[in-house]
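Colleague: Could you show me, step by step, how to read a structure like the one we have open?

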Amino acid sequence: MMIIRPIAAADIGALFQLALHAGVGLTTLPANEELLQARIDASLASFAGTSERAEQIFVFVLEDTASHKIVGICAIAAAVGLRQPWYSYRVGQVVHASQELGIFTQTPTLFLSNDHTGQSELCSLFLDPNYRQGKNGSLLSKCRFLFIAQFRERFSKKIIAELRGVSDAEGKSPFWESLGRHFFSMEFKDADYLTGIGKKSFVAELMPKHPLYSSFLTPAAQAVIGQTHELTKPALSMLESEGFRFEGHVDIFDAGPAVECDVEDIDAVAKSRLYKVAMAVPTTAPHAKGPTVDKAGIHYLVANTWLTHFRVMLVRGEPAGETFPLSAEDAQALGVNAGDNVRVVTLSPKDRVAG
Amino acid sequence: MTDLPAIERIAAVSAVGITSLPPDREKLYDKLRSSVHSFSSEVDVNGEEIYFFVLENTATGEIVGTSGVVASAGFHDRFYSYRNEIIVHASQELKVSNKIHALHLCHDLTGLSLLTSFYIDPAYEHTEWPQLLSRARLLYMAEFPQRFADKLAAENPGLCDDEGHSPFWNAVGRRFFNMEYPQAEQLSGGRSKTFIAELMPQYPIYVPLLPAEAQLAIGQLHPVAELPFSILLDEGFEADTYVDIFDGGPTVEARLQTLRTIQGNRRLQVKLSGGTEAEFDSSAAPYLVANIAADTFRATIANACIERNAILIAPAVAASLQLKPGDYVRAAPLGASGHAAPGGTR
């Protein structure tokens with residue numbers, strides 16, 4: 001059984017193993033024990049309510065309950081850019097026109113911005129490659145929407161997510177080669193690493209501050225502005241299906257897109273609802289009376305409503321009126337009893353009806 | 001105004017690089033009329049005047065060169081240039097400090113007096129006459145400082161090939177115009193360059209993002225303008241700060257009072273020699289000599305001796321400058337870069 005829970009202090013060893021597995025080059029999960037420990041501590045303080053919003057990050061892990069192995073991680077930062085500046089380029093355009101001369105040119109521009117300052121960010125997603133099957137990826141990513149829905153006051157009105165930009169097999173980013181490299185004699189993957197260990201703003205401070213005319217960049221660089229890395233496209237589609245949109249902000253290093261969505265417009269948030277837990281009668285029981293779990297039913301994300309003991313799992317079934325039937329094992333894994341609230345939404349937006 | 005045909009001829013041969021001399025009779029006519037008016041006007045503060053000077057070979061009556069001054073750059077409007085800047089991007093944390101070269105569009109030179117329109121017949125390039133043609137303007141300024149700003153600038157043509165392709169324009173302006181520079185200039189119909197400038201990129205240009213050939217063209221002089229450029233540098237003009245927004249050519253600037261001709265010039269009373277070279281003693285040397293008439297200004301290069309507050313010149317020189325004994329002149333040493341003292345006068 002796969003379950004989402006807040007990261008715990010004891011997870012440090014497992015997390016480090018996961019990071020090693022991730023290998024070099026993954027920004028979101030650097031294999032740096034000190035840094036991972038700091039991230040766990042920050043998450044614990046956030047759940048405990050002992051840190052300020054600017055420091056808060058809610059980190060979740062995906063646990064295989066059979067082996068107690070941690071196979072995935074994801075997080076939500078409550079408010080970015082309140083400790084170190086948060087930079088992105090805003091894609092814009094300037095028009096140079098003269099009716100008299102018959103001139104009309106539209107030139108794309110990049111404006112360095114701190115527009116996302118204070119907004120909540122979906123971040124740090126990583127799933128063990130051995131577990132990239134079935135619905136694990138969706139569970140890991142979307143569990144955060146139920147948390148946001150349940151604890152809305154902890155997050156900003158708008159939620160953002162940054163997606164990896166285009167780079168080749170050697171980790172070369174055409175955008176970085178055309179822009180960043182001139183300002184910072186460093187390989188993209190090194191800059192990327194600095195980003196991962198929380199030093200992005202130091203690098204950003206070396207980047208051009210004035211608006212840029214994108215047309216001054218190489219054609220290869222211009223072509224990848226706002227484009228997602230091939231491997232990250234599924235993540236983009238998932239976010240788009242939940243209502244996230246590219247609103248013209250790109251990463252300052254690789255020009256990967258940031259997508260954003262108002263909380264109330266995130267489909268999984270808007271259409272999630274609370275049910276009372278009903279204990280299902282095992283279908284194997286002879287002459288069973290009461291609700292049952294439809295093993296062939298639709299996949300639902302089901303979360304309890306506790307903060308520090310937050311749990312999410314995927315359940316196949318069907319709500320029955322104001323209740324949601326859960327098997328005994330599932331209820332136990334979620335830490336709920338009959339009559340407790342659970343927050344529920346279908347895994348796929350296609351299966352949702354207006355709430 | 002009778003000089004128009006001669007100037008028209010010069011404008012035709014100097015078409016590339018000297019944009020202040022449009023090969024267009026009507027515009028040249030307006031320019032000359034404006035110049036005539038400027039010389040004859042009472043001026044307290046520099047404004048929209050333009051002053052146009054010609055170099056005449058008095059032996060033949062032929063006009064062999066032009067130079068000019070725009071009293072106030074960008075008058076009524078703005079005068080655009082790119083300012084070379086260094087932006088330091090540094091991080092103590094990362095122990096990095098990068099100097100980034102950027103071009104900032106600016107109006108810094110607006111209101112300065114502009115030296116313009118320099119052209120000399122190639123046959124006279126290797127004489128001392130280019131010195132006169134360029135520096136006579138400074139003697140005029142020395143006598144009439146109220147007509148000019150206390151700072152001067154001069155645009156110099158940047159690199160381009162025979163067809164007028166400029167690597168700087170191709171990398172910068174062209175992206176906003178989609179046409180060759182001469183074409184853009186033609187389109188603007190000879191109006192002030194401001195007209196085009198307003199269509200140019202307004203944000204700073206990060207030089208490292210430009211193609212190598214465009215980077216190399218920044219501040220590079222077109223070889224055709226080496227002579228007038230070197231005269232200005234010898235005068236004390238500085239060339240590192242500003243470049244032309246279209247072709248990247250160097251725009252030089254200086255304070256009038258620091259220039260060599262201004263510092264070396266004196267106001268002196270005319271004494272006539274007996275008409276023979278013999279009367280000049282060993283202190284005789286070539287001087288730029290100019291009368292001090294606002295409207296009938298004349299200047300030449302002549303052998304002269306300075307005696308206290310007087311200048312001894314040949315009667316023929318005095319005549320060509322419309323001077324009689326006791327009149328005042330402005331004179332400055334021709335200087336080391338000048339050639340041998342001339343025999344004739346202009």
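Modeller: What follows is a walk through this predicted model, taken from one whole chain down to single residues.

Colleague: Let us begin with chain A, then; how many helices and strands are there in chain A?

Modeller: There are 10 helices and 15 strands in chain A. The radius of gyration of chain A is 22 Å, close to the 20 Å given by the globule rule for 355 residues, so chain A is as compact as a globular protein of that length. Along its principal axes, the C-alpha atoms of chain A fill a box of roughly 85 × 50 × 35 Å.

Colleague: What percentage of the residues of chain A count as buried?

Modeller: A residue is called buried if 20 or more other C-beta atoms lie within 10 Å of its own. By that count 41% of the 355 residues of chain A are buried. A local case is helix H4 of chain A, residues 174-183, where the buried residues are Pro174(A), Phe175(A), Trp176(A), Ser178(A), Leu179(A) and Gly180(A). These buried residues of H4(A) pack against helix H5 (188-196) and helix H7 (219-223) of chain A.

Colleague: Into which domains is chain B divided?

Modeller: Domain 1 of chain B takes in 4-73 + 111-185 + 223-239 + 252-258, while domain 2 covers 265-333. The C-alpha centres of these two domains of chain B lie 27 Å apart, and their contact takes 12 residues from domain 1 and 13 residues from domain 2. On the side of domain 1 of chain B that touches domain 2, helix H2 (25-40) and helix H3 (129-143) are the elements that give two or more residues, and H3(B) has the largest share, with seven residues. That side of domain 1 has seven nonpolar, two polar and three charged residues.

Colleague: How does one describe a barrel, and which strands of chain B form one?

Modeller: One gives the order of the strands and the sense in which they pair. In chain B, five strands make a closed barrel that runs E10-E13-E12-E11-E14, with mixed pairing, and the twist from one strand to the next averages 55°. Within chain B, strand E11 (residues 285-291) and strand E14 (residues 328-333) pair in the antiparallel sense over five bridges, and Asn291(B) has Val329(B) in E14(B) as its bridge partner. H3(B) lies across E11, strand E12 (299-307) and E14 of chain B, running at about 55° to E11(B).

Colleague: Where is Gln322(B) placed, and is Gln322(B) buried or exposed?

Modeller: Gln322(B) is found in the loop between helix H11 (315-320) and E14 of chain B. Its phi is near 60°, a positive value in a residue other than glycine. Gln322(B) counts as exposed because it has 12 C-beta neighbours inside 10 Å. In chain A, His68(A) likewise has a positive phi, of about 55°, although it is not a glycine. His68(A) sits in the loop between strand E2 (57-64) and strand E3 (69-77) of chain A and, with 8 C-beta neighbours inside 10 Å, counts as exposed.

Note on methods:
Residues numbered from 1 in each chain as written. Chains lettered and ligands numbered in written order. Predicted model: local features only at pLDDT ≥ 70, side-chain atom pairs only at ≥ 80, totals over all residues. Domains from an automatic or database assignment. Contact = placed C-beta atoms within 7 Å. Helix = DSSP H or I, 4+ residues; strand = E, 2+ residues; numbered from the N terminus. Nonpolar A, V, L, I, M, F, W, Y, C, P; charged D, E, K, R; others polar. Pairing = 2+ DSSP bridges. Axes fitted to C-alpha atoms, helices over the stretch in contact; angles between N-to-C directions. Rg over C-alpha atoms; globule rule 2.2 N^0.38 Å.
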